[in-house]
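Welcome! Please take a moment to look over the sequence and the structure below, and then we will walk through some of the features together.

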Amino acid sequence: MRLGASWTGVRRARAARAMVGDMPFVSTNGIQLSYQRSGSGDPVLLIMGSNAAGHVWTMHQTPALNAAGYETIVFDNRGIAPSSAPPGDYTLADLVADTKGLIQALDIGPCRVVGTSMGAMIAQELALECPELVRSAVLIATRSRSDVTRRALTRADRALRESGVELPPGYEAMRTVLEMLSPVTLNDDAAASGWLEIFELTTGAGRESAGQLGVDTVGDRRAALRGVTVPCRAIAFADDLICPPHLVAEVADAIPDCDLVELPGCGHLGNLERPDAVNAAIIEFLDKN
């Protein structure tokens, strides 16, 4: 990880968040979604994963896409302020319907879509259900099912949240870097220190909403994904513990027109650990599709 670039990205994301009062909203699916547009050219909609705000994309991805000649649209999924956070558990279908409504409200379909983690699962379901709205899709750190280890991790996370226990910021930061980053990063003292500082400073700033805990990402969608008809690219990170490469490869195998790129030396947050490589893989695919 390049610490200077990472801190620049954090400052850029904070600046974007500081503009939250100026962010517009769309009404869709009974809620309001906040969004932000930048750049010009063909539109690219970026869908963030759980427990993260849309402005995380502005650290590294939207500047690169804007420079490559694309307009970018980022937004906050339901449950992430300032978008609506209705009570109760959310479903993946809720989030897909929200995203569909956003595309329709902004009249940007069919558009290119980029999603990471849960956002990639939203993207692949959207491509399946609404191919008329999706020109192509990049699916970063995705999966079509959970295995024993990932199901156990999901249960453990939910049990912790439901217990009401608040972990000390230093502990939560350490747990996060171990779970989300590559050993390549963690074994570099300067890089590990920088990431620990970043996570400790931001701990609690964007907690996953109670509603997002209800999103089912453990069902097996491999058979359904064979019905996706738009071009896709799946990007796997070699050291990803949340969506390991073998589960990402299953998505690429299931979708008829989907290639697979595996990047070394990064974990689940590969778009932040190795942004240049991730951006190159995204742009190279979008330029062709």
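## A helix to begin with

How many residues does helix 4 have, and how far does helix 4 reach from its first C-alpha to its last? Helix 4, residues 118-129, has 12 residues and reaches 17 Å between those two atoms. That is close to the 16 Å expected at 1.5 Å a residue. Please keep in mind throughout that this is a predicted model.

Is helix 4 enclosed or exposed? Because 10 of its 12 residues are buried, helix 4 is largely enclosed by the rest of the structure. The buried residues include Met118, Gly119, Gln124 and Glu125. The partners that these buried residues pack against are strand 3 (42-47), helix 3, strand 5, strand 6 (134-140), helix 9 (222-225) and helix 10 (245-254).

## Methionine 118

Now let us look at one residue of this helix. Methionine 118 is found in helix 4 and has a relative accessible area of 5%, so it is buried. Leaving aside residues up to four places away in sequence, methionine 118 touches Gly49, Ser50, Asn77, Leu95, Gln212 and Val215.

Sequence distance and spatial distance can be set side by side here. Methionine 118 and cysteine 243 are 125 residues apart in sequence, and their C-alpha atoms are 10.0 Å apart in space.

## The whole chain

Stepping back, the protein chain has 12 helices and 8 strands. The chain counts 289 residues, and buried residues make up 53% of them. Taking the contacts between residues at least 6 apart in sequence, 78% join residues at least 24 apart.

## The nonpolar core

In soluble globular proteins, nonpolar side chains tend to be buried together. The largest nonpolar core here has 80 residues, of which Val114, Ile140, Ile235, Ile282 and Leu286 touch the most other members. Which residues does valine 114 touch? Not counting residues up to four places away in sequence, valine 114 touches Val44, Leu45, Leu46, Ile47, Trp57, Val138, Ile140, Ile282 and Leu286.

Threonine 116 lies in strand 5, residues 111-116, and is buried because its relative accessible area is 5%. Among the residues that threonine 116 touches, beyond those up to four places away in sequence, are Ile47, Trp57 and Ile140. Other contacts of threonine 116 include Met48, Gly49 and Ala141.

## Aromatic rings

How many aromatic pairs are there? The count comes to 1 aromatic pair. This pair is formed by tryptophan 195 and phenylalanine 199, and it is stacked, with 5.6 Å centre to centre and 25° between the planes. Since they are 4 residues apart in helix 8 (residues 189-202), tryptophan 195 and phenylalanine 199 are separated by about one helical turn. Both tryptophan 195 and phenylalanine 199 are buried.

The charged end of arginine 78 sits over the ring of tyrosine 90, at 5.3 Å from the ring's centre.

## Loops and backbone details

The loop between strand 4 (70-75) and helix 3 (92-106) holds aspartate 76. With a relative accessibility of 1%, aspartate 76 counts as buried. The side chain of aspartate 76 reaches the backbone nitrogen of glycine 54 at 2.8 Å. Proline 82 is found in the loop between strand 4 and helix 3 as well, and a cis peptide bond with omega of about 10° joins it to alanine 81.

Most residues other than glycine have a negative phi, and most peptide bonds are trans. A cis peptide bond also joins glycine 109 and proline 110, where omega is about -5°. Proline 110 is in the loop between helix 3 and strand 5. Aspartate 107 lies in the loop between helix 3 and strand 5 too; it is not a glycine, yet its phi is positive, about 55°. Aspartate 107 has a relative accessible area of 66%, so it is exposed. Asparagine 51 also has a positive phi, near 60°, and is found in the loop between strand 3 and helix 2 (61-67). At 32% relative accessibility, asparagine 51 is partly exposed.

Conventions:
Residues numbered from 1 in each chain as written. Predicted model: local features only at pLDDT ≥ 70, side-chain atom pairs only at ≥ 80, totals over all residues. Heavy atoms only, no water. Buried < 20%, exposed > 50% of the residue type's maximum accessible area, 1.4 Å probe, protein only. Contact = heavy atoms within 4.5 Å. Polar contact = N/O pair within 3.5 Å; in protein donor to acceptor, adjacent residues only side chain to side chain. Expected span 1.5 Å × (residues − 1). Phe/Tyr/Trp six-rings, centres within 6.5 Å; stacked < 30°, edge-to-face > 60°. Lys NZ or Arg CZ within 6 Å of the ring centre and 35° of its normal. Core = buried A, V, L, I, M, F, W, Y, C linked by side-chain atoms within 4.5 Å.
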